[in-house]
Amino acid sequence: MAVTHPTWSPDSWRSFRALQQPEWPSAAATEAVVARLKASPPLVFAGEARALRDSLARAIEGKAFLLQAGDCVESFNEISTQRIREKLKIMLQMSAVLTYGATLPVVKVGRIAGQFAKPRSDLTETVGGVEIPSFRGHMVNSELPSAEARVPDPQRMLEGYNQSASTLNLLRAFTKGGYADLTQVHLWNKDFVSSSPEGRRYEQLASEIERALAFMAACGIDLSSERSLQEVDVFTSHEALLLDYEEGLTRKDSLTGDWYDCSAHLLWIGERTRDTDGAHVQFFAGVHNPIGVKIGPRATPDDLVQLCEVLNPDRVPGRLTFYARLGAEHVREALPPLLRATRDEGHPVLWACDPMHANTIRTAGGVKTRRFDTIMAELEGFFAACWEAGVWPGGVHLEFTGEDVTECLGGADDVLEEQLSSRYETLLDPRLNARQSLDLAFRLAELMRSR
Ligand code: PEP
Ligand code: CO
């Protein structure tokens, strides 16, 4: 990859307009935090980011599929082993369904170990008749509804770093220490899922995988020496919103001399901050991680070509992923001109679908939710538009949790509007629960097979 532009440095974003940044109360305290981050160990290594980039490059060619999923926003109040394990389990289950169903390797990327900062459309909200600043994620302020709790505190960036480190440590232990071994495929099913129709469907698939493994063993293949059966790579990602934090974790790779943002393997730029003249795009132009960009309904074909030119001038496959989040109603007309623009300019882009963020609704009672059927409808529209344009539909970007929550409506679980309040636990956007996620994976595998 080419060396970064000579005028780029980890802090050169500061001379561009940075949207959605907190107003930290003290510049000196913020600088001290950034200095602490700069002196701390990286969370991920450049070589791992390059391995992910190469996997994403294979997904562009139709030889792999990206599954990126996790919470809308992680919480400082939830860092139990059990919560992290449940998220990993559902990720492994969905991957098994997709790998087996679509016979393709699945590139697994969590919205995890760093997803702590949120862009907000409204800077304030009214609680009990009082206007207070919005909650912006635990790396900025507290979700508690008081003006005091909503004051940004830069120390929270250090707490976010520490929580990311311990989450990542556990993930590495689980994925490399036998838990993700394919012979454990039955154990990933959860009690509350296994008795449901999709849970039973999963049991059947798990038994088929076991038989296939037994067959290979009977043929004389030594499964115990196959690393790829025993360990998986689960990469980390988050929306790289807080540029103070991202700058603090940016390091020069000793092997290549290139800069990497070592806060996660993949960083994405949100729909609200993807202006090519803005600080976010200018910052990420200089680091060599795989970068994602959310693409909403107001994006034009020219915007996309400009993003490609700024973020991936050397046209490195796997460097750039676009997540279409256009809405179930619009995807079929809005996506084709965007796909054609990058295709005709010869830019290697991985196209994935985020079917969550343009399909958020409020119930009559004011609860933020999403309908399973609308989510599926955007996915179907995305696949149809990609196939039509001759572009490989390379992945999905979802908000899910391993818990039995009631935040999204419908699905095999058939969550009803009056049930939403029973376990509505998200700090921000509604997530698919474990059964809805598994259901979605089966439907997605069928969709991919239908081609
Ligand atoms: C998100 O992914 O949680 C998010 C805020 O997305 P978007 O930038 O697409 O609105
Ligand atoms: Co969200």
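Predicted model: local features only at pLDDT ≥ 70, side-chain atom pairs only at ≥ 80, totals over all residues.
Ile361 sits in strand 12, which covers residues 361–362. Leaving aside residues up to four places away in sequence, Ile361 touches Val367, Lys368, Thr369 and Arg371. How far apart are the C-alpha atoms of Ile361 and Gln21? They are separated by 26 Å, and the two residues are 340 residues apart along the chain.

Now a second pair, with Asp11 in it. Asp11 belongs to the segment before helix 1, and that helix spans 27–38.

Next, the helix packing. Two packed helices are described by the angle between their axes and the distance between the axes. I take helix 3 and helix 13 to begin with. Helix 3 is residues 81–102 and helix 13 is residues 434–449; their axes come within 9 Å and cross at roughly 15°. Angles under 35 degrees count as roughly parallel, and therefore helix 3 and helix 13 are roughly parallel to each other. Their crossing is right-handed. On the helix 3 side, the residues in contact are Ile90, Gln93, Met94, Val97, Leu98, Gly101 and Ala102. Helix 13 contributes a list that includes Ala434, Leu438, Leu440, Leu444, Met448 and Arg449. By class, the contact of helix 3 with helix 13 has 13 nonpolar residues, 3 polar and 1 charged.

Helix 13 also packs against helix 12, residues 372–389; here the angle is about 25° and the axes are 11 Å apart. That angle makes helix 12 roughly parallel to helix 13. The crossing of helix 12 and helix 13 is right-handed. From helix 12, the residues that meet helix 13 are Phe372, Ile375, Met376, Leu379, Glu380, Phe383 and Trp387. Their partners in helix 13 are Gln436, Asp439, Leu440, Arg443, Leu444, Leu447 and Met448. The contact of helix 12 with helix 13 divides into 10 nonpolar, 1 polar and 3 charged residues.

Leu440 and Leu444 come up again in the cores. The largest nonpolar core has 112 residues, and the members that touch the most others are Tyr202, Phe284, Phe322, Leu335, Trp351, Leu440 and Leu444. Another core, of 13 residues, lies apart from it; Leu52, Leu66, Trp268 and Tyr323 are among its members.

Last, two backbone points. Most residues other than glycine have a negative phi, and most peptide bonds are trans. Ala113 has a positive phi, near 60°. Where is Ala113 found? It is in the loop between strand 2, 106–111, and strand 3, 124–127. With a relative accessible area of 3%, Ala113 is buried.

Arg315 also has a positive phi, near 55°. This arginine is in the loop between helix 10, 301–311, and strand 10, 320–324. Arg315 counts as partly exposed because its relative accessibility is 35%.

That is what I have.

Methods: Residues numbered from 1 in each chain as written. Chains lettered and ligands numbered in written order. Heavy atoms only, no water. Core = buried A, V, L, I, M, F, W, Y, C linked by side-chain atoms within 4.5 Å. Buried < 20%, exposed > 50% of the residue type's maximum accessible area, 1.4 Å probe, protein only. Axes fitted to C-alpha atoms, helices over the stretch in contact; angles between N-to-C directions. Helix = DSSP H or I, 4+ residues; strand = E, 2+ residues; numbered from the N terminus. Parallel < 35°, antiparallel > 145°, perpendicular 65-115°, else oblique. Left-handed = near helix turned anticlockwise from the far one by under 90°. Contact = heavy atoms within 4.5 Å. Nonpolar A, V, L, I, M, F, W, Y, C, P; charged D, E, K, R; others polar.
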